[in-house]
Amino acid sequence: MAEKTAVPTNPASANFSGLPVIGLLTLLSLPLAVMYAYLFIDTISNSQGGSLVPSEFTLEHWRFLWETRPGKPNIWLVTLNTVIFTCCITAVTLTVSSMAGYVLSRLNVPARGFFLAGVMVLHAFPSVTLIIAIFIVLQYLGLYNSLIGVILVKAAIDLPLGIWLMKGFYDTVPWEIEMAGVVDGASRFTVWRRLVLPQIKPAVMALGLFSFLSGWSEFILPQVLAPGARVQVLSVYLAGLIADDNNFDFGTFKAVGVFYVVPVLILYAFFQKHLMNIYGGGTKG
Amino acid sequence: MKTSRMLGLVMIAPAAIIILLFFLMPVILTAVFAMTNMSTATGISAGAYQVTQAAVNRLKTDMPELAAGISEPRFVIDEDGLTQLDALKLKPGFTAELRASHLGEVFLSRREAERMIKSLKERPSTREVKQISDVFNRSVMNTRFEDRAALMESLAKLGFKLSPQDEEKVSRATYTGWIWTADNFRTIANSQDMGQILLNTGFYVAVTLLLFNVGYALLLAVTTHYMPASTASVFRAIWLLPRITPVVIYVLMWKWLTWDNGFISLFMGLFGHPPKNYLLDSAGSAWFFVILINGFIGASMGMLVFSSAIKAIPQTHFYASEVDGANRWQQIRYIILPQLRWPILFVTCYQTLSLLASFNEILLSTRGGPGRSTEVWSLAAYHTALQNYTGNLEYGLGAAMALVLVVVGVILSLIYLRVFRYDTLVTKPLIED
């Protein structure tokens, strides 16, 4: 991201002004800006029919926070489920891929090349296509409609990317650190735990952030594998609200949406750079 | 050497187990399920044998007599019936005589059975005849048998004599569980709908890829390149938003934009156009928005990949070209694009796969509508196997449709693996203890 700032106004060109391209992109970005602006405006205001300008301030769209709608689970239960779901996925992905990534980067295990190739193929593989088989497998295992089942599935799907990233980060840690540890008589495990892991803290952070966001946003897996009221997560809850044709009320949908999206936006605002690195490296979507 | 191996295996085991169970096994099972006719009706565990009306209809063509016989009740004088008869507390002579001279007899209709009962020595009244015949009324219709032997035994008791071939036919017609079959693939190959869906998919992937995942991403990368760094990062942040935003909210915002009371309708209202639902108004507008919705998400990956590739071009190239009087188009054509050949190939490979497989956005926005005009392959598989309005979820057919994608996915990701620097990644570990 860091551009050379030798020519402060426009690093790429001395002959041309940047203004036309800025104008063009601003125009192209307008739909997004409008959608996001109204996402927030509509949750705290009402407007007269047929007008885009809000006419009054109101909190009625936020009623869902203290009133449970008939036939829908309590929003706080749903939020708790989402937090559990997301945190477990993050924990599993981080622990498992930081171990496996180290093995693939540094240790001499049988079939290492095979593992590596496997991880890379799976990383590119479109995992949504497996959802039908996974649905049936979870029914056999008795994990259908349980958080644990969908957590394991989501973690498994995120793992190849996680292992791949961690392996890449371990590769950048100098061998000398480990050599020194091994020469001083530490076991390989201790070396990993005490010497190498602290070196890749930024990577752990980035992957943790990524898993958290991907878990928080996940829709289709919980929708298919755990749709029950007791294990519902926010994405499924919101999709259920929107699909309910009898109470079509964009104000409330957007209020729930903002409630759901705010943690994501906060994390994004603070850790944008970490995320750009991962998303640039090729993720699903 | 040994300790490092052990440690390596222990540390990689959790990853291997989780991926094996919830990632690789589903890949294989997709192929397995594709060879079955599993559905809500058959269930997913082993089935039972049940003579339903549908089963009788299936038998009618091959064995009309048997089908007719099975669907009518028969009357069998057996121990069960005799015990029940005792419980009715009629004259004890009935039971005794039936047991003595009629045990094991089978009557093909109520009339025949009642004729026999009327001729009993103790002369039952008409009401009693009816009561007695009722206890011996036997039918296999709609009875559930856990296994084949139980069904055959019941049929034999009712006096049906079946050859082994007939038994095979009957058991196949009455089995309620799933069976192995290749019909799914025949359905896919022969159905008109599937052809249309295939066309839809091709259109959707090609257009989205060309216009947005590569085209628009290039535009974003190149234009942000010609901006001051701070402005560029603002635009990159804005265009990464669709990817960061959870898909449910993202699509909700588009729904609001295109809804008949939403932004576009209100805006067009200013120019006198009546409000309408722009998302579901016609197939054309549905496609337009489906591609926009997916394209806005897809553009961000290409944008980041291309941006970093452009950044790797030495600044001196640009300076030199400007001294020589090159215009912007020439800079793009002769400096930037040649550098982007591999990144473009990479993004195309990657995004083809994810566009083929992902149906989240279409499911949430148009659900494949209006009609089935925006139904793509992966969404059709989902609709077939996991959510449809007829209520019979056809897991087998859905898995067969998914299998097509899985095979394409495996092939493309293997190509991807060969093309992109795999061998450089497998360097030998340096410490061998």
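Predicted model: local features only at pLDDT ≥ 70, side-chain atom pairs only at ≥ 80, totals over all residues.
Local features need pLDDT of at least 70 and side-chain atom pairs pLDDT 80 or more, while totals for chains, interfaces and linings use all residues. Residues are numbered from 1 along each chain as its sequence is written, and chains are lettered from A in the order in which they are written.

Colleague: Which residues make up domain 1 and domain 2 of chain B?
Modeller: The bounds come from an automatic or database domain assignment. For chain B, that assignment gives domain 1 as 49–174 and domain 2 as 191–393.

Colleague: Which helix of chain B gives the most to the side that touches chain A?
Modeller: Contact means C-beta atoms, placed from the backbone, within 7 Å. By that test, 91 residues of chain B meet 93 residues of chain A. Helices are DSSP runs (H or I, at least four residues), numbered from the N terminus. With 20 residues, the top contributor is helix H1 (residues 2–34) of chain B.

Colleague: Why is helix H20 of chain B largely enclosed by the rest of the structure?
Modeller: A residue is buried if 20 or more other C-beta atoms, placed from the backbone, lie within 10 Å of its own. The cover over the buried residues of H20(B) includes helix H4 (131–141) of chain A and helix H11 (192–225) of chain B. Helix H20 (residues 377–385) of chain B is largely enclosed because its buried residues number nine of nine.

Key
Contact = placed C-beta atoms within 7 Å. Helix = DSSP H or I, 4+ residues; strand = E, 2+ residues; numbered from the N terminus. Buried ≥ 20, exposed ≤ 12 C-beta atoms within 10 Å, placed from the backbone.
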